[in-house]
Amino acid sequence: MEQIQKTDVIVTESVMKVYDADGIPVNALNGVDLTIQSGEFTAIVGPSGSGKTTFLNIISGLDAPTEGKVWLSGKVLSEMGGNELSDFRRDNIGFIFQAYNLIPVLTVEENVEYIMLLAGVPKTERHDRVVAMLETVGLKDVEDRLPTQLSGGQQQRVAIARAMVSEPAIILADEPTANLDSKTGADLLEMMRRLNDETGMTFIFSTHDPMVMESAKRLITLRDGKVDTDETK
Amino acid sequence: MILKIAFRNIFRQKRRTILTALAMIVGFTLSSIVIGLSDGAYSNVIKMFTGNRIGHIQVHHEGYHDKPSIYKTISNYESIGETIQGNTDVEAWTPRVFAGGLGSVGEKSTAVRVIGVDVARETEATHFDKKVVQGNSLAETASREAVIGRGLAKTLAATLGSKFVVFSQAADGSIANDEYTIVGIAESGDDITDRVTCYLHIEDAQELFVLEGRAHEIVVIVSNINKVGKTTEAIKESLNDSSLEVLPWQVVAKSFYDAMQADKQGDAVARLIIMLIVAIGVLNTVLMSVLERTREYGVLKAVGTKPIQIFWLVLCEVVIITIGSIGIGALLGVLINYVFSIHGLTYAEGLTLGGVEFGTMYAEVNARSLMIPGITVLLSATLVGLFPAIKAARIMPAKAMRTH
Ligand SMILES: Nc1ncnc2c1ncn2[C@@H]1O[C@H](COP(=O)(O)OP(=O)(O)OP(=O)(O)O)[C@@H](O)[C@H]1O
Ligand SMILES: [Mg+2]
């Protein structure tokens with residue numbers, strides 16, 4: 001197998017995030033220093049409220065850290081402009097949200113297609129990829145439905161399909177298996193693992209799911225907004 | 001794709017779309033009617049003022065308009081009239097003789113303005129017969145009759161059948177003095193005119209002032225008042241006589257014309273207020289719909305939609321609704337203005353504009369009544385849409401996606 005060269009895709013340096021919850025400051029992240037290399041298959045675990053979602057948001061530029069620095073593929077995130085950041089996300093990051101966050105006015109098929117459309121992928125290629133992807137996640141029969149006409153698990157799968165269809169370099173997944181039955185969860189995990197092995201796609205999960213932790217190559221535990229443990233298997 | 005999402009958003013939030021559209025449609029239609037009615041009223045006033053009095057175009061001897069004088073006459077007015085009639089847009093023409101003098105009935109006398117009219121032509125051109133509110137109009141052949149203004153009749157305590165004596169100086173310097181029988185009392189619609197004016201048959205007047213075969217003024221009525229400038233030029237060309245001046249009503253009644261123009265400007269204020277109401281309505285609904293969908297914009301941005309694309313998305317939604325609303329509003333505006341142009345809008349109390357009184361307002365269906373509201377609605381909606389569009393484009397995805 002061809003050896004994929006490892007580079008630091010995400011680097012954080014003393015990242016702090018303080019939220020303002022109705023005047024009360026909440027320290028969601030308390031100085032996180034982490035380096036994530038390309039090709040990782042990493043799970044971030046920790047109790048609820050430990051800062052997992054916050055961390056994923058910050059490393060993808062969906063949120064700005066209160067203090068500290070984030071490098072994305074060697075670029076300082078805070079120095080990127082709005083359009084540049086959007087393009088970077090579009091081309092390099094697939095995000096699977098904890099709350100699915102599908103576009104309500106678009107059908108399943110269109111939701112999955114959307115990012116490729118933004119990126120200007122040709123129509124036939126787009127179509128082929130969407131069909132293949134929907135097949136993989138088992139949503140072929142519901143491609144014309146709107147998100148509101150789907151179950152939670154189905155929506156979760158659409159979100160996964162949307163994130164992966166354009167084969168971005170990095171997939172950030174916030175509890176991707178939380179709403180799936182164990183069979184579907186296992187299948188998807190299997191698929192992600194295969195993608196990771198074959199293409200070197202980087203995966204970062206936040207999870208409570210033992211199955212995900214099991215298959216992860218690296219396990220980072222957050223506690224009170226700090227890295228508690230960090231072990232590579 | 002942005003357009004597709006915009007359209008779907010519009011159809012998904014039907015209630016909000018209808019509300020926004022309603023504000024625009026009402027605003028558009030209202031201002032369309034206001035413009036239609038006021039334009040109609042102005043046209044009406046102008047039509048009445050020109051058609052019944054000064055005519056649309058006047059022909060005089062060069063310099064008469066600036067400095068009227070009994071000596072500045074048109075000598076072969078019959079043939080000039082025929083030439084004028086030859087122009088396609090000319091409907092009618094009528095010659096007039098003007099002179100001042102002293103008028104008396106019995107012991108009472110006052111200054112009068114004598115107008116000699118060709119009765120048949122004057123009736124055809126300016127409805128002279130309709131101005132006679134008491135008694136009869138003048139006979140079509142000269143028969144020493146006089147019709148005098150209502151105010152003048154009062155001053156002279158004249159009644160129908162009274163003997164009316166005019167005393168003046170004729171064009172040849174001799175003394176002009178003759179007696180006429182009052183057959184009618186006239187109301188021209190302008191009290192000041194009626195206080196001094198008396199009408200004689202043109203031939204009686206010519207005889208009195210020794211102006212045989214001559215007139216001071218030829219009044220021309222055209223079929224299309226909007227083309228009066230062109231017709232004026234055409235008449236000038238066909239006459240080809242530098243000793244004659246051919247003037248459109250805008251020059252003849254300059255102060256009236258200026259007053260009309262100034263009045264029209266005043267309408268802009270009413271329009272502005274309507275547009276302000278529309279703008280506030282639009283701002284409110286658009287802003288609400290953006291706030292309501294903060295989360296969706298957050299998602300769009302999170303998956304890689306550029307801020308500028310989100311900006312366009314919001315603006316597209318506003319513009320699509322606006323164009324639809326303008327379409328519906330235009331239909332309504334034309335329809336309502338059309339109805340008002342036929343049936344008119346009647347005021348309980350008469351309205352006076354430019355010295356002309358009228359009780360029923362007729363609207364006009366014209367391009368202005370669609371263009372002006374169209375441009376203002378589109379402009380104000382787009383301007384107002386900018387603010388929420390910028391707001392949506394600036395959304396921070398993580399924060400936006402936490403809101404429900
Ligand atoms: N926008 C916000 N405003 C205020 N507080 C916030 C905000 N977002 C997160 N928090 C707080 O920050 C802390 C970390 O939240 P975060 O969502 O990152 O936790 P998490 O590890 O993802 O939890 P879970 O496992 O429940 O998803 C929590 O205490 C949370 O209440
Ligand atoms: Mg979370």
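In this predicted model, chain A and chain B bury about 2200 Å² between them, 64% of it from carbon and sulfur atoms; buried area is the accessible area (1.4 Å probe) that two parts lose on being put together, summed over both. On the side of chain A, the residues that lose the most area to chain B are A:Leu62, A:Val105 and A:Tyr114, which together account for 25% of what that side buries. Contact (heavy atoms within 4.5 Å) involves 25 residues of chain A and 24 residues of chain B.

Three salt bridges are counted between chain A and chain B, a salt bridge being a side-chain nitrogen of Lys or Arg within 4 Å of a carboxyl oxygen of Asp or Glu. A:Asp87 and B:Lys306 form a salt bridge through their side chains, at 3.0 Å from N to O.

The magnesium ion (ligand 2) is coordinated by OG1 of A:Thr53 and OE1 of A:Gln98, at 1.9 to 2.5 Å; donors are N, O and S atoms within 2.8 Å of the metal (3.2 Å for Na, K and Ca), and water is not among the atoms, so sites may look incomplete. A:Thr53 is partly exposed at 29% relative accessibility, and A:Gln98 is also partly exposed, at 38%; the term lies between buried (under 20% relative accessible area) and exposed (over 50%), with a 1.4 Å probe and protein chains only.

Residues are numbered from 1 along each chain as its sequence is written, with chains lettered from A and ligands numbered from 1 in the order in which they are written. Local features need pLDDT of at least 70 and side-chain atom pairs pLDDT 80 or more, whereas totals for chains, interfaces and linings use all residues; side-chain values use heavy atoms, without hydrogens and water.
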